[in-house]
Amino acid sequence: MSVQETRKYNLRTYRTGDENDIISLFNKAYEHYAGFVPRTLEYWTWCILSRPDLSEEGITVAIDKGRVVGYAAVEKSGKILEFCYDPSCEGKALVSELLRRCIDHAEDHGASSVSLSAPLQDRIVRDVCEELGFTEEPPPSLFLRVLDIPYIFSKIADQRKMKKGLEEAILIDLRGYPPWCAQHIAILVQNGDVTVSTEKLERPTANVEADISTISRCIFGSRRTLYKAILERRLKIRPSRRILRTVKVLSMFQLRNPSLYMPVADFG
Amino acid sequence: MSEESQYQIRVLPEKPRAERIKLLVDTFKMSNEFLEWKYELNPDFDRSLVVVAMNSGQVVGCASWLPRTLKISKSLSVRAALGADLAVHRDHRGRGLAKLLIASENTFLEEKNIVMSYGFASSELVEHVHGPLIGLVEMPTDTIVYKKYLNPSEIGEKVAKMNRIVESDEKIKRKIAGLDLVVLFHLRGMPEFTIRIGPNAISLLKNDLTQPDLKVESAITFFDLFKSKKRTLALVRALLTRKIRIKGSLRDTLKLYSLSKLLGTLLT
């Protein structure tokens, strides 16, 4: 379907009272992604409404049958800070209308370009951008490190079911962490229950040694990342006969390649 | 006394606040209004996470971390800190001060219940500085930036960036010195523009004023081409499939190809 089709949605400028609908639409649209700040009224008000280069005219909502089904916030400079739409709507027409409005707003303010950061997987946005003559550029590179590994491990363990019958006591010796961070992590797996602590185990079944970069990479990576780190000697497991069982336990604490989407509003 | 110990890194005291703001305004060309919004009005702002480097009672560097809640998987959000606005006064650059400020993260994030720190920077900077110092690792994201140029003023900025590269690279400078090539670009997502390459610099010309030696038309985005590690192969494939068309002599085309790395600055 061409994006030139007739208008289907009622587009209007933001009005006081739209906030909660916008926030819930945004959080719903990106619920399957990670990498962004979940919107709350306080955060959104600061991040969008109070932003100096953004006027209320730059905030557009799309309404369908009295419901907010689309939203875009664009700065006078042409930077689209937030963009989302209800996936249950006919997306192509909606995305096209919202983007055209952003382009008009940027042109009215003399912007030299319009830019939008969107999830790579969003084919509707990609197709519409292609039709509207957008080019693609790389996103800014994201860098991170995990500081409180026991906390993240415990939170992930709370959400996972461990296989019964697996009995392991793993002691992880962390290298290169700030002095105030835990330097040891003990993982006890007993009859399906997992306990994570910062105690030093007396008789671990396996000892793991890794630095801050490796652990950060492994948490956000896949099981392959773990094996790669072992092969490259960045993650050492002793005794070597426990490698397979230890990897099995460590892989339980992985976020398994979450899709990271970063709206510009969070950092730009 | 080592150069590094000339500096005291401390939490931003009330008094030199204006000096820090001036440093940020000078370094990043941010407005006072934007800085006030970003820090003072930010609901998550924590003054103890703004640090300054002092030298003889003057603020000569600063760094800050913005705490927030960050979604790290579909169902898990944690407290994280976004590293922001690292600046060093131009008279104190090249003395290791930026490294001191980056490494101070290990001290200043203590007792803030921060589980993760993250930021956006160039891959080269993180590989050589942030990585070895604090263990930041690059995380591939699922974000893409779509951009539509509304007028050529941004291309003018990119041409200026290319000239800075030419100035700092003797090899490229010598290559340019032997050229006088006028190239018209008709690329997807960009307004048509013409540049003159050589003999002393690269300049943006007004279209239709000069007959171009080469015309480059492309139906794909140049990001697609330049993100590929096998750039030459990608370029040849695009030429064979007529996704890129170059009109002009083979000699001029080869001249242009010899500058493809530099042109990547212009086109991505």
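1. Ground rules. This is a predicted model, in which local features need pLDDT of at least 70 and side-chain atom pairs count only at pLDDT 80 or more, while totals for chains, interfaces and linings use all residues. Residues are numbered from 1 along each chain as its sequence is written, and chains are lettered from A and ligands numbered from 1 in the order in which they are written.

2. Layout of chain A. Expect two domains here: domain 1 covers 10-137 and domain 2 covers 149-253, with bounds that come from an automatic or database domain assignment. Their centres, taken over C-alpha atoms, sit 41 Å apart. Chain A has 8 helices and 12 strands; these are DSSP runs numbered from the N terminus (helices H or I, at least four residues; strands E, at least two). With a radius of gyration of 24 Å, well over the 18 Å from the globule rule for 268 residues, chain A is more spread out than a compact globule. (That radius is taken over C-alpha atoms, and the rule is 2.2 Å times the number of residues to the power 0.38.) Along the principal axes, the C-alpha atoms fill a box of roughly 70 × 35 × 35 Å.

3. Burial in chain A. Of its 268 residues, 43% are buried. Buried means that 20 or more other C-beta atoms lie within 10 Å of the residue's own, exposed means 12 or fewer, and partly exposed is in between, with C-beta atoms placed from the backbone.

4. A strand worth a look. β7(A) runs antiparallel to strand β5 (residues 116-120) of chain B, joined by 5 bridges; strands pair if DSSP finds at least two bridges between them. Val146(A) stands opposite Met116(B), and Phe143(A) has Gly119(B) as its bridge partner. β7(A) also pairs with strand β6 (residues 137-139) of chain B, antiparallel again, over 3 bridges, with Leu142(A) opposite Met139(B). Because 5 of the 5 residues of β7(A) are buried, the strand is largely enclosed by the rest of the structure. Leu142(A), Leu144(A) and Val146(A) are buried on one side, Phe143(A) and Arg145(A) on the other.

5. The cores. The largest nonpolar core has 126 residues, and those touching the most other members include Leu98(A), Cys102(A), Leu101(B) and Met116(B). Another core, of 18 residues, lies apart from it and includes Tyr149(B) and Phe193(B). (A nonpolar core is a set of buried Ala, Val, Leu, Ile, Met, Phe, Trp, Tyr and Cys residues joined through C-beta atoms within 7 Å.) Beyond its neighbours within four places in sequence, Leu101(B) is in contact with residues including Ile9(B), Val51(B) and Leu86(B).

6. One residue in a helix. Ala160(B) is found in helix α6 (residues 153-168) of chain B. With 13 other C-beta atoms within 10 Å, Ala160(B) is partly exposed.

Methods:
Two residues are in contact if their C-beta atoms, placed from the backbone, lie within 7 Å.
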